[in-house]
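Visitor: Could you walk me through this structure? I would like to begin with the whole chain and then turn to details.

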Amino acid sequence: MSPLPPIVFSLVAAALCCTAADAQPTRPPAPRSSRAAVSPQPDVVEASVTDLSAMMANGRVTSVQLVDAYLARIAAYDHAGPALNSLIRINPKARAEAAALDAERKAGRVRGSLHGVPVIIKDNYDTHDMPTSGGSLALANSQPSRDAFVVKRMRDAGAVILAKANMHELAAGITNIGSLGGQTRNPYDPARCPGGSSGGTGAAIAASFAAVGWGSDTCGSIRIPSAYGSLFGLRPTQGLVSRTGIIPLSHTQDIGGPLARTAMDLAIALDVSVGIDPADSTTRVLDGRPLPRFEASLDRNALRTARVGIFRPYFQDTDAEIADTVRAAIAAMRAAGATVVEVSVPEFDTLLANTSVTNMETKFDLANYLRTVPNAPVRTLREIIDRGLFDRALEVRFRTIDTVSAPESEAHTRALARRTLLRARIERIMDSLSLDVLAYPTVRQKPVLAGEVQTGSTCNLAAQSGLPAISIPAGFSADGLPVGVELLGRAFSDTRLVSIAYAFEATGARRRAPYTTPALVNGRTPVATTSAGPIVVRAGSARATATGRFTYDAPAGVLHWNAALSGSRPDDAVAVVLRRVNADGAAVGPAGSTRVIVRLLGPGMRSASGTLPLNGTERQALQQGRLRLSVYERSGEIIESAVASGAVPARR
């Protein structure tokens with residue numbers, strides 16, 4: 001008997017154009033006194049610092065309007081829609097500060113490129129007017145008396161601090177979970193982690209919640225979120241950026257820095273960040289040196305004279321897609337004029353071993369910091385542990401750190417000595433081959449699902465040598481996850497690294513905005529409208545007919561489904577599944593191209609419903625009509641219909 005024809009509607013195209021969402025959150029209201037003056041919101045999606053600065057300079061928008069536009073996006077997508085959970089606090093004075101900066105501009109005073117530009121800072125940067133919690137419930141109400149050194153520089157430059165970003169609790173991890181902030185989600189796949197510990201900053205900037213953001217890096221905490229957010233992020237040479245007023249994890253390895261969507265924005269933010277701080281002795285490395293000027297050093301031809309070393313030790317145990325994407329990025333550098341050589345370091349694991357001092361320093365550094373906070377709610381890590389004011393994911397690490405008995409030990413001294421050897425060895429390798437940079441994957445594995453342990457970091461080479469390293473967008477995996485390539489340079493070659501990144505960016509766009517956070521329409525989440533209702537598909541025979549009803553929430557990347565069996569002999573259906581087929585629509589193909597992505601009904605089941613998060617490959621398959629509602633009959637016959645417009649049932 002021939003299968004029943006499918007009932008198919010045209011909702012798929014509407015839902016997949018990145019304008020669909022179930023939720024319709026309301027934007028935060030403006031203060032009553034100024035509501036009437038608010039103009040239509042500008043489109044800030046992927047807008048650069050230079051874009052925003054130009055818009056304000058020519059009078060097209062005000063800083064207040066930019067604040068409103070970003071707050072509307074935050075309302076739509078941070079705790080609603082894909083619920084990225086990237087921010088801990090909104091600055092309640094952001095709008096007033098923007099208004100003051102607008103008045104300055106009107107009076108003819110413009111402080112620089114960041115004047116009136118909304119930015120986001122990680123919640124371990126001290127702010128005199130907002131608590132600084134480090135993502136921990138233990139510090140939820142901890143109120144510093146002054147701004148961090150870098151925060152003061154931001155304010156002096158005219159930046160509007162819009163919000164404080166979620167982070168891995170006390171910066172002690174890379175999946176971005178904490179007892180105060182909860183789990184941040186990756187805007188490119190909300191089921192996955194965004195990297196950390198600056199993952200809230202990374203997710204927020206990737207989703208266009210602000211123009212640029214600041215994080216801190218102890219071992220990858222800027223670079224990993226940059227890789228997983230398709231961003232640019234530099235870990236500067238140790239000492240270029242002050243640590244004063246940043247909750248410490250390790251005074252030896254900590255350093256702050258920005259994350260941005262473009263190399264130019266990164267350069268602008270770095271120019272604000274670097275400088276000598278009398279309160280931070282590490283910044284004395286700048287004594288007698290010209291202060292780095294990042295924006296002025298940008299050169300689109302920087303790759304023509306660059307020598308790039310492919311650092312082979314960090315291509316081991318690497319996801320094949322990531323390795324291929326990074327090598328393709330390096331090939332593009334070669335095509336732009338760079339000389340590329342392979343670099344092998346057989347003794348690298350031994351060289352790197354026992355060079356981290358983070359866990360030896362955290363307990364004491366945190367206590368020293370808390371002594372500077374008036375009326376700090378806790379004073380020690382032991383108090384945090386005893387009161388249970390931390391997320392369970394941090395328990396093993398916190399208890400391990402708390403066992404360290406003294407800030408100075410033989411093990412600590414040995415580790416510092418090994419760090420010196422590591423740095424010297426890497427510099428000798430680079431000198432011997434006349435290299436500007438070593439290139440390798442920022443992370444060797446894709447971002448894990450929330451709750452899993454992230455592996456594959458290559459953060460320790462830069463962090464434990466003190467050398468600068470930048471993560472640059474290299475492209476995307478087949479399932480739509482960003483991939484980063486990291487470039488490590490010699491000490492104080494930071495401007496050269498950013499210039500090479502700028503030149504690489506000019507070879508072709510490798511960043512794209514996340515599908516979960518499209519542009520708003522009149523300040524609200526766009527909603528696909530259709531009179532047809534959900535996608536309804538039928539497949540099977542008169543004996544056993546499966547009906548599937550599907551609704552796709554594009555910003556969340558989630559397919560909601562209901563399935564039911566009917567017919568004269570529904571038990572003839574052994575299972576009903578949703579299957580992805582390969583690009584030519586065939587039922588068989590290369591390994592991995594055809595698979596069951598969810599079982600809807602099993603033996604003896606008549607109906608069920610559920611939700612299915614779709615990865616990038618599956619979203620593309622839905623858009624292209626390559627998802628099939630498939631009925632498996634006892635006879636071995638498979639009857640299926642495509643979940644897309646114009647499909648024709650297929651038999652096998």
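Visitor: What kind of model is it, and how are residues numbered?

Guide: This is a predicted model, in which local features need pLDDT of at least 70, side-chain atom pairs count only at pLDDT 80 or more, and totals for chains, interfaces and linings use all residues. Residues are numbered from 1 along each chain as its sequence is written, and side-chain values use heavy atoms, with hydrogens and water left out.

Visitor: How many helices and strands does the protein chain have?

Guide: The protein chain has 18 helices and 20 strands. Helices (H or I, at least four residues) and strands (E, at least two) are DSSP runs, numbered from the N terminus.

Visitor: And how much of the chain is buried?

Guide: Of the 652 residues in the protein chain, 60% are buried. Buried means under 20% relative accessible area, exposed over 50%, and partly exposed in between, with a 1.4 Å probe and protein chains only.

Visitor: What share of the contacts comes from residues 24 or more positions apart?

Guide: Among contacts in the protein chain with a separation of 6 or more, 73% are between residues 24 or more positions apart. Contact means heavy atoms within 4.5 Å.

Visitor: Which residues have the most contacts inside the largest nonpolar core?

Guide: They are L114, W214, L487 and L488, in a core of 123 residues. Helix 3 (residues 63-77) provides the largest share of this core, ten residues. Another core lies apart from it and has 28 residues, including F550, W561, L565 and L600. A nonpolar core is a set of buried Ala, Val, Leu, Ile, Met, Phe, Trp, Tyr and Cys residues joined through side-chain atoms within 4.5 Å.

Visitor: Staying with helix 3, is L71 buried or exposed?

Guide: L71, found in helix 3, counts as buried because its relative accessibility is 14%. The C-alpha atoms of L71 and A163 are separated by 9.5 Å, although these residues are 92 residues apart along the chain.

Visitor: How are a pocket and its volume defined?

Guide: On a 1 Å grid over the protein atoms alone, a cavity is a set of points where a 1.4 Å probe fits but cannot get out, and a pocket is an open set with protein on both sides within 12 Å along at least five of seven lines; lining residues have an atom within 4 Å of a point. Grid points are joined across faces, edges and corners, and a volume is the space filled by probe spheres set on the points.

Visitor: Which classes of residue are in the pocket lining?

Guide: The lining of the largest pocket has ten nonpolar, eight polar and nine charged residues. Ala, Val, Leu, Ile, Met, Phe, Trp, Tyr, Cys and Pro count as nonpolar, Asp, Glu, Lys and Arg as charged, and the others, Gly among them, as polar.

Visitor: How many cavities of 30 Å³ or more are there?

Guide: The structure holds one cavity of 30 Å³ or more, and about 40 Å³ of space lies in the largest cavity. Its lining divides into seven nonpolar, two polar and one charged residue. Strand 11 gives the most to this lining, with three residues.

Visitor: Changing topic: which residues does E104 touch?

Guide: Leaving aside neighbours within four places in sequence, E104 is in contact with R109, R111 and H115. The side chains of E104 and R111 are joined by a polar contact of 2.5 Å. A polar contact is a pair of N or O atoms within 3.5 Å; within protein, one must be able to donate a hydrogen and the other to accept it, and residues adjacent in sequence count only if both atoms are side-chain atoms. E104 has its place in helix 4 (residues 94-106) and counts as buried, at 18% relative accessibility.

Visitor: What about the backbone: where is the cis peptide bond?

Guide: A cis peptide bond joins G196 and S197, with omega about 10°. S197 is in the loop between strand 3 (160-165) and helix 6 (199-206).

Visitor: And what is phi at N85 and N522?

Guide: Phi is near 55° at N85 and near 55° at N522. Most residues other than glycine have a negative phi, and most peptide bonds are trans. N85 is buried, with a relative accessible area of 16%, whereas N522 is exposed, at 76%.
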